[in-house]
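Subject: The structure you asked about

Hi,

Here is the structure for you to open alongside this message. Have a look around first, and then read on for what turned up.

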Amino acid sequence: MQTPMLKYSFLVYYKEYADFLTELRELGLLHVVEKQGVSLDEALLEKSMRYKKLLKEFEAQLDKREAAKASGKTGEEIISGYEAVKAERESLQHELATLQKEVEKLQPWGDMNAETMHKLNEASLYVHLYKCPLRELQKSWSETYQLLEVNQVGSTLYFAVISTEAQLAIEAERVQLSAKSMSQLQSEMQATETALTANEQTRIDYIQANTNNLREAYHQLMQELNLQKVMLNTEAAAESRVMLLEGWCPQDVQAQLDAFLETQSVYFETAEPTAEERVPVKLKNNAFGKLYEFIGELYDLPNYHEIDLTPFFAPFFLLFFGICLGDAGYGLLVIAAALIFRKKVADYIKPIMNLLIWLGASTVLMGIVSGTFMGINLFDVDMPWLNTMKAYMLDSNKLFYTSLIIGVVQIIFGMVVKAIGLGIRYGFAAALSTWGWLSLLVGVGGSYVLTEVAHVISPALAQILYYIFGGIGVLFVFILNNIKRNPLINIGAGLWDSYNMATGLLGDVLSYIRLFALSISGAVMGLVFNDLAINISSGLPVVVAQLVMLLILLFGHGLNIFMSAIGAFVHPMRLTFVEFYKNAGFEGGGRKYKPFANYVEEKKIL
């Protein structure tokens, strides 16, 4: 359902406008009408994005630590200070990487004394360092020069040549070592690592000290952006001495807004929304329907002028999830997990846990109906109390046809919703074509089922019903589908509509086979893991067998629950947003009601 809206138009003296907006923001009831072509200050938007990004990083790093009280710094000072800490960290990391490379380069040579080598060079006695593959070492080098093999790493030989010549004719890779010794490099590495540890602690302390202040700065910036948005959507009149503002207010809080306006020296008018206006949407459902609102928002919000489909798809989504997951044991696990986590999660996540409890209960019920408990086929279990229930269970054949029947029911229900919605918006005549199809599908089709399948009514009565419902259907679909149009054009439109209905309706109904397929696949996978656990553990010692069986069951059923739960959530959404929404005439394109108010960070469920 949707909350009815009223449009408010205000005329405010320009000197009083700022105070009026401040108090209006405190009230937090008016959704300001946004005009075309209005754009916010790009510098402020960029600034808000930087604040938001850094605040997100701060809150992620803060973890469970408690943030300190506000530090008194501005947002820019906090960002500048944090960037300085990060710059120091990057410099230390670069320095450490350089030292590590020098150590790796020096490692094959040991702790060589660079100072001694320098003194030898000054005495015209040069130490040349080389490395080459062992197979490329030439015998002539050791015959010509004083060659000393220092180390061998894999197939690479490291050697030194001591000579009075500054340049040698040795075709091997010359190695230039750091002027520092291994011990000096390792000492500097240790000092750098210590500095990095201190820098990390400085960073954590900085985050803890400044998170609240950054959050406050971000909120103030968002307040400024919201105010700027309102100012940009304000129209100056009477030589800029009067400010004109328009907005939407839900009728359930209209009394509060009117009471506030009575205290202001403001002229205002109210009006009902017209069919052409884009009115913000505020959904209003009962406790059960409210749990499913976020699912509908994953696709789109209804526009203000159409029916909110949330309370109509909610029972079907609940049923579909239960069929797809289809294991009573899995349903109990879902309920248990939801009850446990419900006590630990944030308040805005609690509706998800409540929804999971409902979905788990549906899974338990449908798992019993389809005869599956933790992968065990209940049809094969011989228990007296269970045998009495088997008459009400659905085997695979019955489940297949049940899925199709449920699809037909939801599609027909969607068409009824569409007809009622069209009648409310445009009058009964606008819905005649839809009522005609319902007469053909439900009237004629229902009469056939009651006669040929259920044998409830006689063929003679069925013949009369065929003429009545068929005649109404043909009249509404082919003649009266648009009473303002030429009947010949209506006949052509009816034929085209018949083609679309014949091809589309069959495909829509067949889409519901996925309910059967997901239920069966999950049950089969559970059964396979049960058999695998029994077969692999057989013949092993009792303790080992029990351990192996437990591991296979935990892994197998855990994987099956995860994969099946994803399918049980995604595919019912697909049936809702494609088959049901299409047949219910969903248009969408609604904008969420967001009143001009003091900024509060919105916590989204998904």
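A salt bridge here is a side-chain nitrogen of Lys or Arg within 4 Å of a carboxyl oxygen of Asp or Glu. Please keep in mind that this is a predicted model.

Let me begin with the charged pairs. Side chains of opposite charge can pair when their charged atoms come close. The structure holds 13 salt bridges. One of them joins the side chains of Asp508 and Lys582, with 2.9 Å from N to O. Asp508 sits in helix H17 (residues 487-511) and Lys582 in helix H19, so this pair ties together parts that are 74 residues apart in sequence. Are the two partners buried or exposed? Asp508 counts as buried, because its relative accessibility is 5%, while Lys582, at 46%, counts as partly exposed. There is also a network: Lys7, Glu246 and Glu277 are joined by salt bridges that share partners.

Glu59 meets Arg215 at 3.0 Å, N to O. That pair links distant parts of the chain, with Glu59 in helix H2 and Arg215 in helix H6 (residues 182-232), 156 residues apart. Glu59 is partly exposed, with a relative accessible area of 29%, and Arg215 is partly exposed at 23% relative accessibility. Arg50 counts as partly exposed at 29% relative accessibility, and Glu46 counts as partly exposed at 41%.

Now for the aromatic rings. A pair of aromatic rings is described by the distance of the centres and the angle of the planes. The count comes to 30 aromatic pairs. In one of them, the rings of Phe58 and Tyr82 have centres 4.9 Å apart and planes at 75°, so the pair is edge-to-face. Phe58 is in helix H2 (residues 42-62) and Tyr82 in helix H3 (residues 75-106), so to speak distant parts of the chain, 24 residues apart. Phe58 counts as buried at 0% relative accessibility, and Tyr82 counts as buried at 2%.

Another pair has a contrasting geometry: the rings of Tyr130 and Phe159 have centres 5.5 Å apart and planes at 20°, so they are stacked. Tyr130 counts as buried at 3% relative accessibility, and Phe159 counts as buried at 0%.

Ring pairs also build a cluster, whose members include Tyr299, Phe313, Phe316, Phe320, Phe413, Tyr512 and Phe586. Helix H10 (residues 310-325) deserves a look here. Which residues of H10 are buried? Among them are Phe313, Phe316 and Phe320, along with Thr310, Ala314 and Cys324. Twelve of the 16 residues of H10 are buried, so the helix is largely enclosed by the rest of the structure. At 1.5 Å a residue, H10 should span 22 Å, and its end C-alpha atoms are 22 Å apart, which agrees. Just after H10, Gly326 takes a positive phi of about 60°.

A few places on the outside are also worth a visit. Phe555, Leu559, Phe562, Met563, Ile566 and Val570 form a nonpolar patch on the surface, with about 600 Å² of accessible area together. Met563 is found in helix H19 (residues 542-583) and is partly exposed, with a relative accessible area of 49%.

Phe428 lies in the loop between helix H14 (396-426) and helix H15 (432-453). Phe428 counts as exposed, because its relative accessibility is 53% and the cut-off for exposed is over 50%. Leaving aside neighbours within four places in sequence, Phe428 is in contact with Gly423 and Trp435.

Finally, Met374 has a phi near 50°, a positive value in a residue other than glycine. Met374 is in the loop between strand E11 (372-373) and strand E12 (376-377), and counts as partly exposed at 23% relative accessibility.

Best wishes

Key. Residues are numbered from 1 along each chain as its sequence is written. This is a predicted model: local features need pLDDT of at least 70, side-chain atom pairs count only at pLDDT 80 or more; totals for chains, interfaces and linings use all residues. Side-chain values use heavy atoms; hydrogens and water are left out. Helices (H or I, at least four residues) and strands (E, at least two) are DSSP runs, numbered from the N terminus. Buried means under 20% relative accessible area, exposed over 50%, partly exposed in between (1.4 Å probe, protein chains only). Contact means heavy atoms within 4.5 Å. Rings of Phe, Tyr and Trp (its six-membered ring) pair if their centres lie within 6.5 Å; planes under 30 degrees apart count as stacked, over 60 as edge-to-face and the rest as tilted. The expected span of a helix is 1.5 Å times one less than its number of residues. Patches are made of residues with over 30% relative accessible area and no salt bridge: like charges are joined within 9 Å, nonpolar side chains (Val, Leu, Ile, Met, Phe, Trp, Tyr) within 5 Å. Accessible areas come from the Shrake-Rupley method with a 1.4 Å probe; for residues, only the protein chains shown count as cover.
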